[in-house]
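Dear colleague,

Please find below the structure we spoke about, followed by my notes on what was found in it. I would be glad if you could read the notes with the coordinates open beside them.

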Amino acid sequence: MRKVYGMFLVFAVCIFSTTAQARNVWRECGIGGMLFTNTGWAAITSNIIWDLGTSATSSDISSDGLCEGPKVSAANFVHGTYATIEEQTVMGQGDHLVAMLDILGCERSAHDKIIQSVRTDFSKDIARPGYESLEAIEKTKNYHTNLMNKIEGNFTSQCHLI
Amino acid sequence: MPLNLRFTKNIIFKSSLLIIASCFFFFPHASADSSNLKRAIKKAIDLELYKDERWLKLLRYRSGFLSIESDVKSKAFFNAKDGRTNPKNELIATMKAFNEAINHDDTDSHPKCRFIARYHWLKEKVEWEEDVFPKVNCQRFQKWSKKGQIRSISLIFATGYLGNPASFFGHPLLKFNADKSKAGSNDLLANSLNYGALTPNGEDPLTYSLKGLFGGYNAAFTHLQFYYHNHNYSNNELRDMWEYRLNLKQVEVDHIVRHSWEMLGQEMTYFFTHDNCAYRISELLNLVVEKRILPANVPYAIPHSVFDSVSRVEHNGAPLVSSVTYIPSRQSRMTKKYRSLAEENKIVFKNIVADTDHFDSKEYKSLTDTQKILLLDTLFDYTMFRLSKDEESPIIKAKRKRALKERLRLPTSRAREDQGSPAPIHDGQRPVLTRISQGERSQERIFTDFEIRPAYYDLLSPDTGRLPYSSLAIGRVLIRKEDERFIIRELGFFDVSTLNIAETDLPGDGGLAWKFNLGITSQEIQCADCQVFGTRAGLGKAVMLDPRFVVFAFGNGIAQTAKRDFGSLATQLEAGTIITFSEAWRMIMKQSFTQYHNQGSAYLDTFEVSQRFGAARTWDIRLSYKYQKSNLMKLSYSYYW
């Protein structure tokens with residue numbers, strides 16, 4: 001019995017990496033838990049401390065396969081710079097949009113079309129009543145979902161990390 | 001637990017681990033030839049590499065009076081038991097550790113990966129055969145270092161921030177720039193290296209300051225992608241940044257990158273005044289830059305000094321800094337854009353700020369698309385500036401949403417780039433002051449003042465690289481020689497103030513002026529020996545009537561040791577003006593009324609005019625006059641270094 005249990009454990013660990021992607025990266029990878037807001041006195045941290053785990057995630061070197069990869073990195077990036085992403089999306093251009101699409105491995109020649117496509121849907125998001133009162137994490141999630149739908153729907157051949 | 005059951009469990013556990021490992025990896029372990037290893041160690045010892053400056057720097061050894069000890073306190077940083085205090089044993093143990101078996105579940109934990117800078121340096125010096133040590137794939141390091149594609153290093157300066165004592169002096173960090181020709185390379189995604197104290201959440205300011213001053217915290221290097229710092233400094237704390245790109249050879253870049261990796265998370269004692277971010281970052285650069293960036297044997301390290309030094313250092317026969325780039329904060333961008341709007345468009349802008357229904361006004365609708373885009377671009381900066389102070393404001397959030405919607409109606413275009421930039425920090429006056437003054441006070445009494453102040457600037461100082469209209473003085477000592485006597489006249493432990501002046505006429509710009517100081521001062525100008533110890537704190541308001549003309553008023557509270565007729569508690573009203581005639585000539589004129597509330601209710605009024613002449617990095621001339629029941633005049637020469 002113990003041997004069977006041991007083998008089951010081994011199997012479970014072996015398949016962990018394949019089931020990981022099905023888990024909820026939003027809940028489990030700490031996106032939104034990072035210190036991206038103005039924290040008043042606690043802004044002390046901006047100068048001097050970072051939790052090493054948080055750093056690892058944001059620098060894309062987390063050891064947990066679930067929280068690695070361009071999709072999660074892009075979500076962290078959007079969350080960490082949302083105000084700028086929002087502005088540059090309505091403008092249709094900007095260095096943060098380039099960085100976001102670089103994370104996803106999108107060819108520079110495809111950026112304008114991807115942004116235009118995201119901009120169209122983003123205009124609907126903004127027009128919704130209550131957009132301004134959404135939590136930052138909700139805004140990020142909506143934007144990221146919109147972005148990934150566009151890329152996975154129409155730009156897979158131009159975005160090589162997806 | 002019976003022995004046989006424990007044994008069975010052990011076997012199952014070990015078998016499981018073995019199978020788990022084989023699920024992921026299979027690496028044949030290349031065991032090293034021990035005679036080759038012994039030869040390599042012998043050569044390293046014969047070459048006395050344990051005494052080499054590079055080895056001592058890599059291990060952060062610091063020589064004491066009779067001993068040597070590494071600044072790093074983390075045990076994991078050393079391979080020898082006495083490695084922290086014995087460079088030779090550490091060298092031998094490190095080379096032996098390079099020969100350790102590989103943990104295939106975590107190849108990055110191998111000493112060749114953890115101490116990758118040491119490995120490469122020793123390999124270069126000892127020139128051992130390729131197969132002396134096992135081959136290890138340092139996957140996490142490879143990923144972190146962009147697979148060897150980091151081509152340059154930038155030193156970033158975030159300007160001072162009066163919201164946090166640790167940030168008063170600004171903050172340096174490093175940015176590792178990848179090869180721009182490679183796909184996906186982007187400055188915002190570059191790794192950056194930061195050094196700072198590891199403080200618990202919710203530490204109160206007093207504890208934080210005291211522990212910071214007296215070594216109560218550990219500190220470590222940590223890393224984040226640059227976009228995080230860029231966003232946080234620019235949007236949340238409204239701090240300008242400067243990027244100093246360093247002119248280093250590829251081999252030097254590689255060495256700093258490798259050493260940064262092995263330093264990540266290693267803990268050292270933190271002191272605000274010396275073993276701080278400025279010191280540790282300069283120490284890191286001095287791994288490859290021969291000339292010392294911060295002077296030796298000076299008991300404090302200030303970020304300004306790091307940037308002042310690197311901008312003047314020659315390295316490999318060329319300036320160490322190849323370019324300096326300004327990264328403006330939200331507030332700076334807002335101010336510049338708003339000032340650049342035509343006067344009639346400023347009115348439209350202010351109307352929209354007051355009520356977004358003005359987007360439907362004839363005035364807004366009659367603007368060209370380009371004018372509308374400029375106005376909306378400014379409005380984005382303005383709303384973010386306001387949200388940085390009150391992130392939950394529903395009114396500002398609604399205004400921002402409306403601005404975003406309006407922008408979607410217009411053609412796409414890139415945000416306007418800022419034109420021009422202020423003078424960088426290294427052009428600012430140096431932080432350490434020594435001053436000599438000759439003066440006369442009532443009854444023709446001549447005196448000479450000697451003054452030192454390790455840091456940093458006062459209200460009369462030029463604004464370059466500093467928060468305008470603010471002061472930050474620490475450790476100021478003023479000794480007076482009069483009638484052949486030397487007296488410590490003033491001893492300022494800490495003196496900080498900001499006028500918090502609005503740079504535009506927009507709502508929410510500017511705020512309350514405030515000041516706080518602690519130290520010993522003289523009660524009156526006419527007494528020779530009347531020092532009091534105390535503190536003064538004040539709140540007020542300052543207004544810029546013209547870019548050169550500022551008026552201010554403060555209400556101050558004073559608590560001090562009582563002296564003669566003057567009690568220990570007082571209130572003070574203070575009003576004055578600052579006139580900047582030119583960059584090289586600024587004047588402050590102020591009047592104060594002080595009422596003491598105990599010990600006889602004494603009253604004191606003071607009128608003061610001070611002027612600075614000159615805006616050089618290293619000197620200025622000052623002239624001051626003070627009236628307080630009697631007159632005092634003083635002419636000073638200041639030298640900054």
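In helix H6 (residues 82-91) of chain A, 10 of the 10 residues are buried, so this helix is largely enclosed by the rest of the structure; buried here means under 20% relative accessible area, exposed means over 50%, and partly exposed lies in between, with a 1.4 Å probe and protein chains only. Helices (H or I, at least four residues) and strands (E, at least two) are DSSP runs, numbered from the N terminus. The buried residues of H6(A) include A:Tyr82, A:Ile85, A:Val90 and A:Met91, and among them are also A:Glu86, A:Glu87 and A:Gln88. Just after H6(A) comes A:Gly92, which takes a positive phi of about 90°.

Before going further, please note that this is a predicted model, in which local features need pLDDT of at least 70 and side-chain atom pairs count only at pLDDT 80 or more, whereas totals for chains, interfaces and linings use all residues. Residues are numbered from 1 along each chain as its sequence is written, chains are lettered from A and ligands numbered from 1 in the order in which they are written, and side-chain values use heavy atoms, with hydrogens and water left out.

Chain A as a whole has 9 helices and 0 strands. Of its 162 residues, 51% are buried, and its accessible surface comes to about 7300 Å², of which carbon and sulfur atoms hold 57%; such areas come from the Shrake-Rupley method with a 1.4 Å probe, and for residues only the protein chains shown count as cover. Among the contacts in chain A between residues at least 6 apart in sequence, 69% join residues at least 24 apart, where contact means heavy atoms within 4.5 Å.

One helix pair in chain A deserves a separate note. Helix H5 (residues 70-80) and helix H7 (residues 95-103) of chain A pack at an angle of about 160°, with their axes 8 Å apart. That makes H5(A) roughly antiparallel to H7(A), a label used for angles over 145 degrees, while those under 35 count as roughly parallel, 65 to 115 as roughly perpendicular and the rest as oblique. Axes are lines fitted to C-alpha atoms, for helices over the stretch in contact, and the angles run from 0 to 180 degrees between N-to-C directions. On the H5(A) side the contact is made by A:Pro70, A:Ser73, A:Ala74, A:Phe77 and A:Val78, which meet A:His96, A:Ala99, A:Met100 and A:Ile103 in H7(A).

Chain B contains 17 helices and 24 strands, and its C-alpha trace spans about 90 × 75 × 65 Å along its principal axes. Of its 641 residues, 53% count as buried, and the accessible surface of chain B comes to about 28900 Å², with 56% belonging to carbon and sulfur atoms.

B:Thr383, in helix H16 (residues 369-389) of chain B, is buried, with a relative accessible area of 1%, and touches B:Ile396, B:Lys399 and B:Arg400, not counting residues up to four places away in sequence. B:Asn500 is found in the loop between strand E16 (485-498) and strand E17 (513-522) of chain B, and is partly exposed, with a relative accessible area of 31%. B:Asn500 and B:Leu238 are 262 residues apart in sequence and 13 Å apart in space, C-alpha to C-alpha.

With best regards
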